[in-house]
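Hi,

Here is the structure I promised to pass on to you. Have a look at it first, and then read my notes below.

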Amino acid sequence: MTKDNDFSRKDTPRTGSVKEVTSLTNPIVKDLRALSMKKFRDQQGVFLAEGLKLVIDAIDQGWRIRTLVFSKAGKGNPLVEKVAARTKAGGGLVLEASEKVIAAITRKDNPQMVAGVFDQRFETLDHLRPQGNDTYIALDRVRDPGNLGTIIRTADAVGAKGIILIGDCTDPYSMETVRATMGSVFAVPLYRAKHDEFVNWRKSYKGVLVGTHLKGAVDYRTIPYNKQPVVLMMGNEQQGLPDDLAQICTHLARIPQAGRADSLNLAIATGVMLYEIRRDALVLDDR
């Protein structure tokens with residue numbers, strides 16, 4: 001993998017140009033395939049996202065696209081041609097690839113005809129200042145990419161302002177997570193914080209911090225959420241919320257259950273909590 005941030009080498013075409021690639025041994029293709037591994041994504045500070053609509057939406061929202069890959073089947077498609085032109089205008093690299101190459105890059109047998117490489121984005125807690133009825137989600141050591149992707153998508157759906165990843169969380173820019181977000185990864189700001197950093201930030205946070213916990217918890221529907229900032233804190237899939245984080249919560253909540261299941265999936269539980277927290281802010285359109 002190249003070490004600069006433009007996937008550039010002596011045999012790489014200049015940015016703003018178009019190159020046809022058909023071989024899996026092409027150095028550029030090797031670099032793109034390597035983005036399936038976290039260490040290379042981190043090294044480059046980029047990630048791969050699939051789908052024409054998703055790529056267009058990301059560019060429209062101001063995300064920088066480094067490389068656009070489209071299949072030969074997309075050649076002549078007005079939308080593909082337009083996004084290719086926008087990529088070149090921004091100095092990005094455009095690759096026309098065979099389906100075999102796109103399948104190898106995306107690790108899918110039936111790949112979409114467009115994929116893009118984008119810069120990663122992370123914020124720090126220094127920039128996090130909840131106000132009004134802002135809602136954020138703090139996740140402690142979430143490990144499952146599908147769970148994280150679904151939570152990001154749900155956060156987008158309810159109008160949450162961002163997600164705080166505490167400690168050793170799974171990579172939000174892995175292919176599995178990005179797919180599970182269905183494009184919401186481009187709409188929801190991500191914050192990273194070490195355990196101690198979050199605890200220290202809590203001291204200056206004046207809003208409500210709600211954690212889900214089995215001990216000393218109240219029915220989640222009885223907590224006053226409206227007209228104040230809320231941070232919803234969810235624990236690790238296996239271990240739940242650790243006691244030291246539970247102790248800094250304003251409220252500890254529990255979701256009642258009537259069946260034999262002893263717990264809810266993390267993403268489902270987060271969704272239930274978010275829709276209750278955002279109840280007053282969510283209304284149906286008159287359509």
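How many aromatic pairs does a search of the whole structure find? The search finds ten, where rings of Phe, Tyr and Trp (its six-membered ring) pair if their centres lie within 6.5 Å, and planes under 30 degrees apart count as stacked, over 60 as edge-to-face and the rest as tilted.

Before the details, two notes on the source. This is a predicted model, in which local features need pLDDT of at least 70 and side-chain atom pairs count only at pLDDT 80 or more, while totals for chains, interfaces and linings use all residues. Residues are numbered from 1 along each chain as its sequence is written, and side-chain values use heavy atoms, leaving out hydrogens and water.

Take Tyr 136 and Tyr 191: their ring centres are 6.2 Å apart and their planes are at 75°, so this pair is edge-to-face. Both residues are buried (under 20% relative accessible area, with a 1.4 Å probe and protein chains only).

Ring pairs also join Phe 47, Trp 63, Phe 118, Phe 122, Tyr 173 and Phe 186 into a cluster. Two arginines sit over rings of this cluster: Arg 121 over the face of Trp 63, at 4.1 Å from the ring centre, and the charged end of Arg 192 over Phe 122, 3.7 Å from its centre. For this, CZ of Arg (or NZ of Lys) must be within 6 Å of the ring centre and within 35 degrees of the ring normal.

Enjoy exploring!

Notes:
Buried < 20%, exposed > 50% of the residue type's maximum accessible area, 1.4 Å probe, protein only.
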